[in-house]
Amino acid sequence: MTSPKLQNAIALLRFAWRSDAFTASEAMAATGLTRSTVIGQCDELVEKGWVLELADSRTDGKDYRKGRPARRYLFNADRAAVVGVDAGTHTVTTRVANLRGEMLAEHTASVDGDLSEGRERIEAIDRSIDDGITSAGIDAADVLCLVVGVPAPVDSRGGSPEGANGFWRRMNPDLGRHLRDRGWTTIVENDANLAAIAERTIGAGVGIECFVTLLAGERFGAGCVVDGRLLRGSRGGAGESNPLTLIEGITDADGIGAQARRWAREAREAGTIPPDSELMAVAVEDMDAETVFFAAAHGDDTAVRIVERIAERLSRICALLGGLLDVERIILAGGIATALTPLLESTTPRLTELVHLHPPELLASTLGREVVTIGAVSRAQVWVEDNLTTLVAESSPVHETVP
């Protein structure tokens, strides 16, 4: 059972976390604690490194003509760190952040998405995490929580099913147990779910109770928020893309990026692209989705036709998601999102025709390729805040340099 003294400390620390520099009077007004309790708890939190005591108000330039100047405090966001990892099929990105989510370092590395041995993938992820922590200039012991996003369903224990050809298990070769064995509190989560958390925290899902974040790069994956809650399903499979193949005319779960790239390369190799097309300005092996969408935005006829094909496909997918879940908004996310203006312009009217009752609004995410790592860091922050009582109780005194 938590003691009243520790409860007061946590109440004060939660206020500090959400505040800039504050005085005891401001903390009293926000928490309802007495002055002596606030000052006493601040002293203890300073001793344990969770709060910093700043220069007093008079030293800071405040105009105090009489009496003792007010003591000022600040939440020590650098007391510890959290780590978010986007362990994608071909790229692993690690973001190290302080307790306010401010990035300290980021490290990106390539990984072979076709690796058959889970050990090799684990080693690649380990290297990315270690390099990120080293770049941040912190110790591994400073990491309070590490969250990893994977392109696979994840159950409540952090495990993934086998999947077709073992893909899901290859993407998540028991990462949670491995990283916990390295000494970190670890959460493994589906990458689209983390993208939805990012959008709800600082993106296009802020203030929206019902929305879907659709990762749209190599494969579709949906993070679904309904009535303010992230849907997971009995085994973590909510939002999984394979059922999309049951929609008439959709034969695979490839994402927008993969489709645009493939159709453009097929047209190039078939010789059906006019010589003056913008799509002829790059080598076949360098053709990517961004090239297609930027060409379409400039009116390139071949690129526009590819975008129209993708819009027809995407409108059906969004109609299914919008109709089943009755969401207000569908957010297309991932590295490709910033190039999707021509696609949204073609998809929206089609979606309106397919969904007669309140079609969802289509938006492109502004969070770019970092959407999963941003969501992972946010999820790690939530874990830290949820466990503040234990973390503070177990904290030892530290000696901080006061700014």
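Which strand holds Leu74? I looked this up to get my bearings, and Leu74 turned out to be in strand 3.

**Ground rules.** I am reading a predicted model, where local features need pLDDT of at least 70, side-chain atom pairs count only at pLDDT 80 or more, and totals for chains, interfaces and linings use all residues. Residues are numbered from 1 along each chain as its sequence is written, and side-chain values use heavy atoms, with hydrogens and water left out.

**Leu74.** I checked its accessibility next: Leu74 counts as partly exposed, at 25%. (Buried means under 20% relative accessible area, exposed over 50%, and partly exposed in between, with a 1.4 Å probe and protein chains only.) Leaving aside neighbours within four places in sequence, I found Leu74 in contact with Asp20, Ala21, Phe22, Val51, Leu52, Leu54 and Arg100; contact here is heavy atoms within 4.5 Å. Ser19 is 55 residues away along the chain, yet the C-alpha atoms of Leu74 and Ser19 are separated by 7.8 Å.

**The cores.** I then looked for nonpolar cores, which are sets of buried Ala, Val, Leu, Ile, Met, Phe, Trp, Tyr and Cys residues joined through side-chain atoms within 4.5 Å. The largest has 47 residues, and Trp50, Leu99 and Val384 have the most contacts inside it. Among the elements giving two or more residues to this core are helix 1 (4-17), strand 3 (72-75), strand 7 (143-150) and helix 12 (371-386). A second, separate core of 45 residues includes Cys210, Ile317, Ala339 and Val355.

Apart from neighbours within four places in sequence, Val384 touches Trp17, Val82, Leu99, Leu144, Cys145 and Leu391.

**Helix 1.** I noted 14 residues here, with 20 Å from the first C-alpha to the last, close to the 20 Å expected at 1.5 Å a residue. (The expected span is 1.5 Å times one less than the number of residues.) Its buried residues are Leu6, Ala9, Ile10, Leu12, Leu13, Phe15, Ala16 and Trp17.

**Helix 8.** Buried residues in helix 8 include Ile256, Ala260, Trp263, Ala264 and Ala267. I traced what the buried residues of helix 8 pack against: helix 9 (289-297), helix 10 (301-325), strand 12 (329-333) and helix 11 (341-354). After helix 8 comes Gly271, with a positive phi near 75 degrees.

Which residues of helix 10 does helix 8 meet? Ile306, Arg309, Ile310, Arg313 and Leu314 in helix 10 meet Ile256, Gln259, Ala260, Trp263 and Ala264 in helix 8. The two helices pack at an angle of about 145 degrees, with their axes 10 Å apart. (Axes are lines fitted to C-alpha atoms over the stretch in contact, and angles run from 0 to 180 degrees between N-to-C directions.)

**Two aspartates.** I finished with the loops. Asp174 has a positive phi of about 55 degrees although it is not a glycine, and lies between helix 5 (167-171) and helix 6 (175-181). Asp174 is partly exposed, at 33% relative accessibility. Asp227 also has a positive phi, near 55 degrees, in the loop between strand 10 (221-226) and strand 11 (229-230). I logged Asp227 as exposed, with a relative accessible area of 59%.

Note on methods:
Helix = DSSP H or I, 4+ residues; strand = E, 2+ residues; numbered from the N terminus.
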